[in-house]
Amino acid sequence: MANYKELLNSYRNEFLKDLDELLSIPSVSAEGHEIPEKALEWMLDKAESFGLRTKNIGGIAGHAEWGDGEKLCGVLTHLDVVPVNRADWSCEPFSLTRKDGRLYGRGVCDDKGPALAALYCLRALKESGQNGNRVRVVFGTSEEIGMEDMETYFESEPLPELSFTPDSEYGICRAEKGIMHIEISSEKANNTSLTQFEAGTANNVVPDSAFAILDCSDYEEHNLQRLADAAGAGKFELRFTIDGLKVVSHGKAAHACEPEKGENAAAALAQIICAVMGTDAVGDLCTFINYCIGKETNGLSMGIKMRDAISGELTVTLSRVHITEREAKAVLDIRYPVSFLEEVVFYQIKKVAAREGLNVRLLDGEKPLCLDENAPIVRILKDAYASVMGEEPKLYTTGGGTYARMLGGKGVAFGPTFENDDTRIHNCDESINEENFFRHCEICLEAMAGMMNSR
């Protein structure tokens, strides 16, 4: 299908211009729906300019389509992104920056770049004269905050018979761990010296910064400074404010599906202030965070450490903390193996928290996904990858949560990133190797052609 590759190469400059324009829309879903909806409108307008059929589902999702056959196939993408801390970026996050052979910008990998690539692939199918099964590129706007977009979309639109989502990495992700977001709270804020503790901006990100304000003695301030110095340069800052001593913790952000790649600023902060101030001073929730969660990412201290042969180990991320003189609550992101039950994990966490007089509630959850390695969509994607890369892709599992789990066992995550490419998804300076990205575009087009021509 050399004509496909020629078409993609002919689009490259136009594509990069469009990608810059799309990235400039700051579609952070955690900050409200208005801006993500603008990104959806932009994408559907672009699709119509390519002569593709489009549909907008209530401003929360939509699709572009080509093909006249009876079978419906899909590529599911999302246009919302996670928040940014501009101070940590070396370039403007909401625009496209090309440097050192890489493409930079919030969403360039997750998932605006792949979404626009899939749209250009659909255009290539149309302009090369291909016609067969209907292929839809579906665009969502709230993937990062719970996938309500796809729940709404599939209330009125049918599930595709074959589908994939370019929202992970290569090879083919045949299984995704279950996901739970759990809030742990105290009915009374019984912290006597801790007047404020804040960390986290999203439920699925390892927080890279946190701060606490303390009413403490000179002796306690001295001990905090000693521990801060011992932690190493840049880890902690102590500042005097009108409200008390402010202790700032600096860590490293990471996606909650791989918390071991980050440095949790909230957990580190809880550790240092608990070591100096004591239980009564910091209150039940902060104490629980330190002793039952800490810097662990495997849930050992809560009694939920578990693993299976298919998907590996359970992970825990302390993603958000909000403690004041009136309320105290924290959010945990749990990724559990595919052979375990959500109810078992939740029961154990609730039991441990109850011992400390804390309340637990499930904010949201997503069941695990596991496809047979010989499923029809897996075979199509193997062929597409091999046609471009000259070898078969590996099958793997992930702790990430993608739209694939919304597809009733008829879809998987596939691309766009390659092994050993440090894309820094959900972190500052999100980027992708430019040639790798356009190699992904070729694979994506082959996969879409394979679905269009399948029987």
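Predicted model: local features only at pLDDT ≥ 70, side-chain atom pairs only at ≥ 80, totals over all residues.
Q: Which residues touch the most other members in the largest nonpolar core?
A: F139 and M448 do, in a core of 68 residues. Helix 10, residues 434–452, gives the most to this core, with eleven residues.

Q: What is M448 in contact with, leaving aside its neighbours within four places in sequence?
A: V75, A118, C121, L122, L125, V135, V137 and F164. There's also a second, separate core of 53 residues, and F236, A265, C286 and I334 are among them.

Q: Back to helix 10: at what angle does helix 9 pack with it?
A: About 140 degrees, and the axes are 8 Å apart. Angles over 145 would count as roughly antiparallel, so helix 9 and helix 10 are oblique to each other. The crossing is right-handed.

Q: Which residues make that contact?
A: From helix 9 they include I377, I380, L381 and Y385, and from helix 10 they include R439, E442, I443 and M451. By class, the contact has ten nonpolar, two polar and three charged residues.

Q: New topic: where are the cis peptide bonds you'd point me to?
A: One joins D110 and D111, with omega about 5 degrees. D111 sits in the loop between strand 5 and helix 3. Another runs from G415 to P416, with omega near 10 degrees, and P416 is in strand 25.

Q: What about phi at R424 and H426?
A: R424 has a positive phi of about 55 degrees, and H426 has one of about 65 degrees. Neither is a glycine, and most residues other than glycine have a negative phi.

Q: Are those two buried or exposed?
A: R424 is partly exposed at 26% relative accessible area, while H426 is buried at 4%.

Note on methods:
Residues numbered from 1 in each chain as written. Heavy atoms only, no water. Core = buried A, V, L, I, M, F, W, Y, C linked by side-chain atoms within 4.5 Å. Buried < 20%, exposed > 50% of the residue type's maximum accessible area, 1.4 Å probe, protein only. Helix = DSSP H or I, 4+ residues; strand = E, 2+ residues; numbered from the N terminus. Contact = heavy atoms within 4.5 Å. Axes fitted to C-alpha atoms, helices over the stretch in contact; angles between N-to-C directions. Parallel < 35°, antiparallel > 145°, perpendicular 65-115°, else oblique. Left-handed = near helix turned anticlockwise from the far one by under 90°. Nonpolar A, V, L, I, M, F, W, Y, C, P; charged D, E, K, R; others polar.
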